[in-house]
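Subject: Structure handover

Hi,

Here is the structure we talked about. Please open it and keep it beside you while you read the notes below.

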Amino acid sequence: MSTVIQTTPDAATDVQPLLSVRNLKKHFPIRGGLLAREIDRVHAVDGVSLDVAPGETLGLVGESGCGKSTTGRCILRLIEPTSGEIWFQGRDVTALEGEALRAMRRDMQIIFQDPFASLNPRHTVGGIIGEALTIHGLVKGRQEMEDKVVQLLETVGLRPEHMRRFPHEFSGGQRQRIGIARALAVEPKLIVCDEPVSALDVSIQAQVINLLEDLQEKFGLTYLFIAHDLSVVEHISDRVAVMYLGRVVEVATSEELYANPLHPYTEALLSAVPIPDPKIKRKRIVLQGDVPNPIRPPSGCHFHTRCPIAEARCKTDVPVLKSAGGRHQVSCHLRG
Amino acid sequence: MAGSTPASLSAEAPASASRATKPVTPAAEAWRRFRKHKLAVASLFILGALVFLVLAGPWLWAVPINEIDFTAKLKPPSGEHPFGTDDLGQDVLARIIYGGRISLAVGLAAMVVAVLVGVVIGALAGMSSGRVDAVLMWITDLFLSLPQLPLLLLVIYLFRDALKSAFGPEGGVFILIVLVIGGLRWMPVARLVRAQFLSLREKEFVEAARALGASRVRLVVMHILPNAMGPVIVAGTIDVAAAIIAESTLSFLGLGFPPDIPTWGRVLFDAKDYLDIAPHWAIFPGMMIFLTVLSINFIGDGLRDALDPRRVV
């Protein structure tokens with residue numbers, strides 16, 4: 001077990017990780033002026049490193065705009081990362097082009113947040129799920145395609161006759177199941193779940209979460225589960241990574257993180273989770289101010305402007321993610 | 001209903017079972033939905049009748065279009081001349097039937113050219129970001145800012161003779177007018193398509209297709225373009241009307257078809273000096289343009305609704 005995250009893929013966990021992200025950055029240019037010069041850049045993802053072991057669920061939490069979704073999309077190359085490495089099954093995804101990239105996409109899929117925007121309104125459910133099969137040539141002929149689509153629909157708890165219907169004929173939860181079936185069609189190894197239940201009713205959330213867990217067991221899937229609902233993440237994740245302003249500030253197993261948060265930001269975040277028992281009083285840590293502008297993130301530790309325990313060196317030195325015992329890693333000068 | 005199928009899974013929704021038993025092709029579904037739009041169906045019927053009339057007319061109404069008879073000039077509609085006669089005693093119905101071929105063909109062909117050019121340019125601009133998009137939009141703005149009529153006149157003046165010698169007097173002028181009208185009316189379509197592409201390509205269902213490994217062509221053809229077509233269809237139907245009217249402007253200036261070819265715009269123009277004494281001469285060709293444009297607009301509405309599965313019809 002190494003104490004500092006290294007630039008080799010297999011450093012952080014005992015097993016060879018399925019996915020290793022190293023120092024991933026995505027800076028969105030802001031263009032303006034006569035010749036569309038780059039006048040500024042948004043530091044959406046500013047040096048993220050994480051590992052996901054095969055078969056585990058890594059939760060990625062943080063408030064809006066901290067770069068969770070951008071990280072997920074960079075891993076899938078839906079957004080081109082500015083720099084960094086993404087090692088998946090022993091290959092650097094950022095270096096893939098053309099046919100190799102297309103082939104890689106079979107092994108990595110995504111489930112989206114908005115079940116209304118993520119399905120083409122003009123295609124039937126059969127067409128939406130079947131497209132994945134067509135693109136990768138996984139079926140021959142119409143009959144085999146239909147059989148496979150029916151099988152996928154049943155896997156996610158929908159009925160065969162649903163394949164001829166259009167997305168607008170379904171409820172949010174059913175649509176999310178269609179999205180899951182589409183992702184499953186190519187038999188991926190890793191699925192990036194980008195807030196898959198945030199747009200759903202609480203009762204439906206539980207159904208979809210349970211479905212995701214069942215599918216993980218059945219197909220041996222690995223999830224990168226992006227969310228801002230901490231209780232959902234605690235429930236589904238083996239490990240949780242906390243992001244603040246484009247960086248990972250703390251990684252630990254769910255039990256460890258929720259029982260013993262080390263980073264002051266994680267503490268504040270967890271103290272905001274409601275407890276379903278009015279008798280329990282908890283010390284609520286309220287952070288001062290807002291998240292700083294990602295166009296000009298603070299120097300040193302990104303969190304020093306709001307940190308209750310910040311010191312002088314937090315303004316100048318960038319903390320690195322280092323082990324705080326076992327698989328608990330924290331990026332703070334003062335804790336760990 | 002679901003009587004012939006085992007009602008195992010579909011017990012609570014028999015309607016969906018009957019839907020599942022018979023496969024519905026997208027075209028059949030679109031046609032079913034189109035038929036629900038009564039005005040569009042009526043318009044399709046009217047346009048079909050007009051097309052049939054101008055194609056089969058010369059056999060149904062075998063009166064020569066250029067037989068001059070001064071004894072029968074400016075006669076109102078009668079049994080002998082259902083649409084009356086013009087100032088040379090020529091039969092207006094026969095002339096409208098003959099001229100309709102050209103007016104309809106010019107209108108439809110120019111629309112096709114304008115929509116094709118507009119969709120290609122708009123799609124290229126919308127899919128490529130940065131330089132290509134900027135250059136294409138500069139070109140579009142340039143064309144929008146050109147004074148159209150002088151340009152039209154110049155192009156026709158420069159190329160008419162070459163095309164006439166290549167395709168004959170009528171064919172040459174037809175190609176020229178279609179290209180000129182179509183080539184000067186694609187800009188609104190291009191801007192519409194680009195705007196649609198810019199918003200659609202960020203949609204999650206497009207991202208999902210990209211994540212599945214769909215090629216750029218597949219993204220455009222299967223996902224973006226079909227969702228962008230609604231406004232384009234409406235713009236296209238307006239272009240038909242504009243092309244028919246632009247053709248009559250050219251005929252009026254003596255730069256369209258030769259004066260002896262009675263396109264609807266030409267007949268209308270010839271009749272304008274006699275509006276007070278022979279209104280029928282102008283009313284009938286005007287009615288034809290009106291009917292054509294109106295029915296094409298309604299058909300466009302119907303098509304847009306039929307091709308959009310979100311609309312419940």
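First, a term: two strands pair if DSSP finds at least two bridges between them. Keep in mind that this is a predicted model.

**The sheet in chain A**

Chain A holds an open sheet of eight strands with mixed pairing. Its order is β6-β7-β8-β3-β9-β10-β12-β11. Which strands sit at the edges? They are β6 and β11 (322-323) of chain A, and each pairs on one side only. Now look at β3 (residues 57-61) and β9 (residues 239-244) of chain A. These two run in the parallel sense, paired over four bridges. G59(A) stands opposite V240(A) in β9(A).

**The core**

The largest nonpolar core has 146 residues. Helix α4 (residues 92-127) of chain B gives the most to this core: 17 residues. Which residues have the most contacts inside the core? They are L224(A), F225(A) and V242(A). Find F225(A) next. Leaving out residues up to four places away in sequence, F225(A) touches T57(A), L58(A), G59(A), L60(A), C193(A), V233(A), I236(A) and S237(A).

**Where the chains meet**

The contact takes 27 residues from chain A and 23 residues from chain B. On the chain A side, α2 (98-105), β6 (108-111) and α3 (125-135) each supply at least two residues. The most come from α3(A), with three residues. What kinds of residue make up the side of chain A that touches chain B? There are 12 nonpolar, five polar and 10 charged.

Best wishes

Methods: Residues numbered from 1 in each chain as written. Chains lettered and ligands numbered in written order. Predicted model: local features only at pLDDT ≥ 70, side-chain atom pairs only at ≥ 80, totals over all residues. Core = buried A, V, L, I, M, F, W, Y, C linked by C-beta atoms within 7 Å. Buried ≥ 20, exposed ≤ 12 C-beta atoms within 10 Å, placed from the backbone. Contact = placed C-beta atoms within 7 Å. Nonpolar A, V, L, I, M, F, W, Y, C, P; charged D, E, K, R; others polar.
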